[in-house]
Amino acid sequence: MARTSLNTPLSKKKFIESEGSGKDWLSDLPCHLLCRILSKLSTKESVRTSVLSPRWSNLWSLVSVLDLDFQDFKGDHDMGEFIDSFMESHKELGLKLKRFNLFYAVTEHFHEVFVWRLNKVVKRGVCDLTIQNMVDVDEALVRMPLSLYSCATLVNLILYCVVFDHPGSKSVSLPSVKKMYFEGVKFDGHSVLETLISSCPVLEELTVIPHPEDYLEVISVRSQSLESFRLESKRFECDNPNVEIDAPSLEFMSICDNKPETLKIHRIGPFAEVTVDVEFDVEYDDPSEITKSIDEYSKVEPLPPFSNLFRLDASLVESSWEVLPSFLGCCMNLDSLVLELDRVPEMEEIKLSPVPQCVLSSLDFLQLKTPSTPSKMKLATYFRKNCTALTKMLLSGR
């Protein structure tokens with residue numbers, strides 16, 4: 001049986017008693033139900049229950065969960081030895097380890113031993129695996145075992161500050177994984193992340209926050225099952241990735257990247273909620289270059305339609321009015337528009353532009369954030385006369 005080596009104070013607690021009867025109803029529950037209760041606790045808390053009575057003395061060691069914090073092991077108590085003892089006990093009893101959570105931050109890290117222990121966890125049929133490595137220095141990033149690439153039981157994978165080695169010739173197959181969360185992760189090879197994603201046929205949720213010194217050239221997300229995707233890049237500006245999305249079932253997407261080399265969205269769900277926060281590579285003294293590029297593109301070929309875009313917040317610089325009508329023309333079902341302008345355009349400029357379809361038929365709410373000038377009310381009047389579905393309009397200063 002696994003020995004108790006967590007350095008925590010163990011104090012006796014009262015049994016839960018039924019009022020008036022003095023009977024300990026909780027302890028009379030079947031073993032499997034008590035283990036389910038203990039599985040909701042951290043291992044530290046679970047071990048504490050061993051002092052309640054002989055009935056509870058070894059129940060914690062039968063729980064299919066290891067939830068460990070390195071800070072709970074002090075003095076002569078070694079976390080690695082505790083894991084080894086617990087795993088050996090489970091193996092002898094033929095038990096599975098369903099969840100393994102490790103909060104890890106030690107100064108002396110032994111790579112081979114760490115990977116060897118994780119490899120045993122993977123082979124015990126783990127379903128939920130979380131490794132939080134809280135040391136930020138590059139040398140302290142811990143590596144994942146290659147067996148992780150072919151764990152048939154894995155469902156949820158959450159990793160902080162680790163390294164994924166290139167699988168080489170090893171087969172990559174994660175048939176049960178539904179959630180992957182990678183933060184501060186480095187991928188040893190440009191195709192590692194793409195390979196991981198493509199090996200998960202039932203993947204539903206994916207978050208990627210690469211390590212600042214990760215040098216992936218392409219972040220390619222191709223999945224038929226993916227429903228939620230979040231990308232937040234903290235990489236240095238000189239090392240920008242190409243981002244490609246092809247996920248026809250996607251319902252939510254958030255991309256926050258300093259300056260991606262390219263951003264291509266091939267397919268997403270027809271009603272996906274999308275947030276894109278990126279910087280384009282333009283001169284800082286001429287921010288209007290972005291909208292000028294959109295305007296020039298629209299003169300060469302039609303802008304793509306945004307038929308499912310219902311809300312738009314836009315902040316435009318001086319030269320941007322000319323591109324606004326053509327862009328809004330692609331948003332034929334827009335019902336909410338918050339428009340911030342550095343200056344109020346002259347009516348002559350507005351009259352020369354076509355009235356967008358959304359203004360004529362669908363726009364229900366409009367907020368204008370503009371400087372207070374004599375032309376401000378004329379601009380408001382223009383929208384009020386043309387917006388046939390408008391029910392609310394707000395005017396505010398910048």
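Strands, as named here, are DSSP runs of E with at least two residues, numbered from the N terminus. The model is predicted.

Strands β13 (262-267) and β14 (273-278) each supply at least two residues of a nonpolar patch. This surface patch consists of Leu 263, Ile 265, Val 274 and Val 276, which together have about 270 Å² of accessible area. Leu 263 belongs to strand β13. With a relative accessible area of 32%, Leu 263 is partly exposed, because that class runs between 20% and 50%.

Lys 351 is placed in helix α8 (residues 347-351). Its relative accessibility is 67%, so Lys 351 counts as exposed.

Across the whole structure, a search finds nine aromatic pairs. Two of them are listed below.

| Pair | Centre distance | Plane angle | Class |
|---|---|---|---|
| Tyr 149 and Phe 164 | 5.8 Å | 50° | tilted |
| Tyr 382 and Phe 383 | 5.2 Å | 75° | edge-to-face |

The pair of Tyr 149 and Phe 164 links distant parts of the chain, 15 residues apart. Tyr 149 sits in the loop between β4 (142-143) and β5 (156-160), and Phe 164 in strand β6 (residues 162-164).

Terms used:
Residues are numbered from 1 along each chain as its sequence is written. This is a predicted model: local features need pLDDT of at least 70, side-chain atom pairs count only at pLDDT 80 or more; totals for chains, interfaces and linings use all residues. Side-chain values use heavy atoms; hydrogens and water are left out. Helices (H or I, at least four residues) and strands (E, at least two) are DSSP runs, numbered from the N terminus. Buried means under 20% relative accessible area, exposed over 50%, partly exposed in between (1.4 Å probe, protein chains only). Patches are made of residues with over 30% relative accessible area and no salt bridge: like charges are joined within 9 Å, nonpolar side chains (Val, Leu, Ile, Met, Phe, Trp, Tyr) within 5 Å. Accessible areas come from the Shrake-Rupley method with a 1.4 Å probe; for residues, only the protein chains shown count as cover. A salt bridge is a side-chain nitrogen of Lys or Arg within 4 Å of a carboxyl oxygen of Asp or Glu. Rings of Phe, Tyr and Trp (its six-membered ring) pair if their centres lie within 6.5 Å; planes under 30 degrees apart count as stacked, over 60 as edge-to-face and the rest as tilted.
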